[in-house]
Amino acid sequence: GNKISDAGAKALAEALKHLPNLTYLNLNNNSISDSGATALAEALKHLPNLTYLNLINNKLTSEGEKALAEAKEEARAKKGKAEAEAGAKATAGDLRKVVAQAKAAGNSYREVLKLPSYIDTLQGGR
């Protein structure tokens, strides 16, 4: 280990918040306790791409482990939401292209997308 204490873990946590693409973090064999783990947990919320975190042979108890697990789950949920929103934006953009192409060809988007006629009623027209 690098003899990282809780003070070192807290300083490291501040820096980690600015590394959202970090995927691997090995902090095994140090002196990090629940206090340092709590600081690291806050940083984990900003690390959605972190896939490996090693804190073996530190001074953590279930309290620190719980804080880390909850933070990682929060980061994972944020990442999933961001990916879903990006996918929805892409889908909306694709749909706009289809509608534009349909209008240019003199067709309704309903015809191009093979949607039933009641869609026009619900959507208010072509």
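This is a predicted model: local features need pLDDT of at least 70, side-chain atom pairs count only at pLDDT 80 or more; totals for chains, interfaces and linings use all residues.

Colleague: Fine. What elements does the chain have, and in what order do they run?

Modeller: There are five helices and two strands. From the N terminus on, the order is α-β-α-β-α-α-α.

Colleague: Why is the pair of tyrosine 24 and tyrosine 52 called stacked?

Modeller: Two numbers settle that. The ring centres are 4.3 Å apart, and the cut-off for a pair is within 6.5 Å, so they count as an aromatic pair. The planes are at 10° to each other, and under 30 degrees counts as stacked, so that is the label. By this rule the count comes to one aromatic pair.

Colleague: What makes you say that this pair ties together parts of the chain?

Modeller: Tyrosine 24 sits in strand β1 (residues 24-26) and tyrosine 52 in strand β2 (residues 52-54), so the pair links parts that are 28 residues apart in sequence.

Colleague: And why does tyrosine 24 count as partly exposed?

Modeller: Its relative accessibility is 48%. Buried needs under 20% and exposed needs over 50%, so a value in between is partly exposed. Tyrosine 52, at 32%, is partly exposed too.

Colleague: How do you know whether aspartate 34 is buried or exposed?

Modeller: Same test. The relative accessible area of aspartate 34 is 14%, and the limit for buried is under 20%, so buried is the word. Aspartate 34 belongs to helix α2 (residues 34-44). Leaving out residues up to four places away in sequence, aspartate 34 touches Lys59, Leu60, Thr61, Glu63 and Gly64. Aspartate 34 and threonine 61 are 27 residues apart in sequence, yet 6.5 Å apart in space from C-alpha to C-alpha.

Colleague: What makes a group of residues a nonpolar core, and which have the most contacts inside the largest one?

Modeller: The members have to be buried residues from a nonpolar set, joined through side-chain atoms within 4.5 Å. The largest such core has 20 residues, and Leu27, Ile32, Leu40, Leu55 and Leu68 have the most contacts inside it. Helices α1 (6-16), α2 and α3 (62-104) each give two or more residues to this core, and α2 brings the largest share, six residues.

Colleague: What does isoleucine 32 touch?

Modeller: Leaving out residues up to four places away in sequence, isoleucine 32 touches, among others, Leu27, Leu40 and Leu55.

Key. Residues are numbered from 1 along each chain as its sequence is written. Side-chain values use heavy atoms; hydrogens and water are left out. Helices (H or I, at least four residues) and strands (E, at least two) are DSSP runs, numbered from the N terminus. Rings of Phe, Tyr and Trp (its six-membered ring) pair if their centres lie within 6.5 Å; planes under 30 degrees apart count as stacked, over 60 as edge-to-face and the rest as tilted. Buried means under 20% relative accessible area, exposed over 50%, partly exposed in between (1.4 Å probe, protein chains only). Contact means heavy atoms within 4.5 Å.
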